[in-house]
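Me: I would like to learn how to read helix faces and pockets in a model. Can we go through one case together?

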Amino acid sequence: MYLSPNLKYLRESRGLSQEDIAKNVNVSQKAVSAWEHGKRVPKIETIVEIAQYFEVSLDELVLTELKPPIPTYAKNLRYLREKAGFKQEDIAKMLGYKGKQGYSMVETGKTEISVGNLEKISDFFEVTMNQMIKQDLSKDFRE
């Protein structure tokens with residue numbers, strides 16, 4: 001069942017707080033937190049309300065993982081950075097980010113990287129963009 005991670009993903013992807021959800025379905029913020037952490041399960045009527053609120057089917061909410069997987073390039077960015085001994089701040093500076101937070105969002109798959117920055121990082125680590133996007137480089141370069 002995917003109710004807990006889906007609820008958290010849907011809430012965060014829309015920039016909502018647990019309190020926002022709680023108000024919408026007439027429960028406490030603590031109840032929403034317990035649902036997201038898998039400590040409790042809402043009543044079926046509440047699950048229906050949540051599905052309607054997020055405009056997803058019950059099957060999607062409960063039986064399907066809604067959070068998209070982390071893109072291959074994001075995993076490769078982290079792998080290559082760590083293998084080379086760089087910190088996120090180092091790569092962020094090289095790519096022109098103001099701080100590590102923006103770059104961290106790329107590595108975790110929460111935001112996309114621009115084609116220009118992907119090209120810069122591919123050149124820097126001497127891999128092709130095709131490799132960066134399509135291959136799991138941690139498997140290809142294991143020693």
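Predicted model: local features only at pLDDT ≥ 70, side-chain atom pairs only at ≥ 80, totals over all residues.

Me: Which residues of helix H9 are buried?

Reply: The general idea comes before the case. An α-helix has 3.6 residues a turn, so residues three or four places apart point the same way. In helix H9 (residues 115–124), the buried residues are Asn117, Leu118, Ile121 and Ser122. Their arc around the axis is only 135°, which puts them on the same side of H9.

Me: Which exposed residues does the face of H9 turned away from its buried side carry?

Reply: Val115 and Asp123 are the exposed residues there. On the buried side, the cover includes helix H6 (72–84), helix H7 (88–95) and helix H10 (129–134). After H9 comes Glu126, with a positive phi near 55°.

Me: Which residues of helix H8 are buried?

Reply: For H8 (residues 100–107), they are Tyr103, Val106 and Glu107. Down the axis of H8 these fall within an arc of 100°, so they line one face of the helix. H6 and H7 are among what covers them. Gly109 follows H8, and its phi is positive, near 80°.

Me: What lines the largest pocket?

Reply: The lining of the largest pocket has 16 residues, and Tyr9, Lys67, Pro68, Gly109 and Lys110 lie nearest its centre. Helix H1 (residues 3–13) gives the most to this lining, five residues. By type, the lining has seven nonpolar, four polar and five charged residues.

Me: How much space lies in the largest pocket?

Reply: The largest pocket holds about 450 Å³ of space.

Methods. Residues numbered from 1 in each chain as written. Heavy atoms only, no water. Buried < 20%, exposed > 50% of the residue type's maximum accessible area, 1.4 Å probe, protein only. Helix = DSSP H or I, 4+ residues; strand = E, 2+ residues; numbered from the N terminus. Arc of directions from axis to C-beta. Contact = heavy atoms within 4.5 Å. 1 Å grid on protein atoms, 1.4 Å probe; cavity = no way out; pocket = protein on both sides within 12 Å on 5 of 7 lines; lining within 4 Å. Points joined across faces, edges and corners; volume = space filled by probe spheres on them. Nonpolar A, V, L, I, M, F, W, Y, C, P; charged D, E, K, R; others polar.
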